[in-house]
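Colleague: I have a structure open and would like to learn how to read some of its features. Could you take me through a few?

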Amino acid sequence: MSKIMCGSSLLRLSILAWMLAMATAQVASSHNYADALSKCLLFFEGQRSGKLPPSQRITWRKDSALKDGSDVGMDLVGGYYDAGDNVKFNFPMAFTTTMLSWSVLEFGQSMGSELPFALEAIRWGTDYLLKSTKVPDSVVGVVGDPNSDHTCWERPEDMDTPRTSYVVTKEKPGSEVSAEIAAALAASSMVFKDSDRFYSALLLNRSIQVFEFADRYRGSYNDSIGEGACPFYCDFSGYMDELLWGAAWLYKVTKAPYYWDYVLANIHYLESTVIRKVNGGPYLTGSVTEFGWDSKHSGINILVSQWAMTDPTISSSFIPKADELVCSILPESPAPKSVTFSPGGLLFKPGGSNLQHSTSLSFLLLVYAGYMKAANKVMNCGNNVIITPDRLVNFTKGQVDYILGSNPLEMSYMVGFGQKFPQKIHHRGSVIPSMDKHPQHMECHEGDLYFKSADPNPNLLIGAVVGGPAENDTFQDSRYNVPQSEPTTYINAPFVGVLAYFKV
């Protein structure tokens, strides 16, 4: 009984702290969301791998990894480095591409002059994903030996660690990485439908082929290419959520009954709990409330709710689950919580790189708010706590403003935005002097000197959103604190859509 009372008291204190923080934030002036959106998109140019185009705006980055794929007789040049390392992990890269595409589909009309850069960011990903799926009945899962890469602190332009290509096949399947790529290609095909019909058709046709491969030859890439995937992006939640995610996106694009029937026939595979990696180990959590590069559960419910709200013949089970996600987040809701809040008001989930949760869940809440508004829907979280679309928007704005500087430290967690932002991010290219300043080749450990330096990074990775503060709102601006100081593409990708919404 004492443990229950203690937990309830902590929850009440967390809610009170959040309400106080939000009341304080209301008097703060709004941020320049247009500038934040521009920088958020610019970040992706700093993560590019391959031959850089003349239009490259982050000019301290140069060409890199120009022989990728040669070990398997393929051209795998291009794509994105996932974070502060020099590996191309296709699973989170595909999720990044899906979220960039969904951002444009929902909020592209608000992006204005930034829309071409958003399309360019998507295409840099899809061009590479097309290369990765070019050989029938096989999908490239990773390029670059992650263990060797993480041993060295090298610029991507210098790296001489093995660029091993890890490929899943019929005999050694990888349904999660394949199905996520299928989702990315399907979503992006909608993005380019009006501007480049040939490219759009190519993306859709490849998506259909890759989804069929992922479904027919089921298995986890944990087992097939374990040394390339684990422990870096080991799949903890299983591959059925990716298969359902891919099918849902293909239904959204094609309206083919096969994909909707597939979702309905397989939705039971999503159990009430999922396993998520937290601090190196498994963490059990509710499937309804999980969304990120590994778990697509709540994203499926939000995506499907768009047509479930408007078509009475469609199963309504997706909408209650989407409502459950919302009620598990909002502080005033009496429902069991899937998040906690820092004293300053930032939502938290267990594990590192917390801003991936804040940006991803904020994106889902904004999208759902739009679907609710279109359907004239409100929800009751219990005890007559009624949630409106506007409430979701206001809540999300609080998360965005916190990230951009309305927090106890008055620090922006986006590099280059505002007057105070992280100076020592965990990122190889940002830490080591650029080729312009130091054109000589640098060996594996020659960058260690710069990593250990107390000086700020010499190269600004503008727009990079780092992992973020601790749960008490403190932040250690240190390259050694990887969970707090490392940026990732899948933190920025959903933030693109969120910032586009508030830009208006």
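Modeller: We will go through an annotated residue, a pair of helices and some backbone details. Keep in mind that this is a predicted model.

Colleague: Which residue does UniProt mark with the feature "active site"?

Modeller: The unreviewed UniProt entry places that feature at His-426. An annotation of this kind may be inferred rather than shown by experiment.

Colleague: Where in the chain is His-426 placed, between which helices?

Modeller: His-426 is in the loop between helix H15, residues 389–404, and helix H16, residues 428–431.

Colleague: Is His-426 buried or exposed?

Modeller: A residue counts as buried when its relative accessible area is under 20%. For His-426 the value is 11%, so His-426 is buried.

Colleague: Which residues does His-426 touch, leaving aside those up to four places away in sequence?

Modeller: Its contacts are Gly-84, Trp-153, Phe-451, Arg-479, Val-482, Ser-485, Glu-486 and Pro-487. With Arg-479 there is also a polar contact: the His-426 side chain reaches the backbone oxygen of Arg-479 at 2.8 Å.

Colleague: Now the helices. At what angle do H4 and H7 pack?

Modeller: Helix H4 covers residues 115–132 and helix H7 covers residues 197–216. They pack at about 50 degrees, and their axes are 11 Å apart. That angle makes H4 oblique to H7. The crossing of H4 past H7 is left-handed.

Colleague: Which residues meet where H4 and H7 pack?

Modeller: From H4 there are Arg-123, Thr-126, Asp-127 and Leu-130. They meet Tyr-199, Leu-202, Leu-203 and Arg-206 of H7.

Colleague: What kind of peptide bond joins Cys-230 and Pro-231?

Modeller: The angle to read is omega, which is about 5 degrees here, and the bond is cis. Pro-231 sits in the loop between helix H9 (226–229) and helix H10 (240–254).

Colleague: What is phi for Asn-376, and where is that residue found?

Modeller: Phi of Asn-376 is near 55 degrees, a positive value in a residue other than glycine. Asn-376 belongs to the loop between helix H14 (355–374) and strand S8 (379–380). Exposed means over 50% relative accessible area. Asn-376 has 74%, so it is exposed.

Colleague: And what is phi for Glu-410?

Modeller: Phi of Glu-410 is near 50 degrees, again positive in a residue other than glycine. Glu-410 lies in the loop between H15 and H16, where His-426 is also placed. With a relative accessible area of 63%, Glu-410 is exposed, whereas His-426 is buried.

Conventions
Residues numbered from 1 in each chain as written. Predicted model: local features only at pLDDT ≥ 70, side-chain atom pairs only at ≥ 80, totals over all residues. Heavy atoms only, no water. Helix = DSSP H or I, 4+ residues; strand = E, 2+ residues; numbered from the N terminus. Buried < 20%, exposed > 50% of the residue type's maximum accessible area, 1.4 Å probe, protein only. Contact = heavy atoms within 4.5 Å. Polar contact = N/O pair within 3.5 Å; in protein donor to acceptor, adjacent residues only side chain to side chain. Axes fitted to C-alpha atoms, helices over the stretch in contact; angles between N-to-C directions. Parallel < 35°, antiparallel > 145°, perpendicular 65-115°, else oblique. Left-handed = near helix turned anticlockwise from the far one by under 90°.
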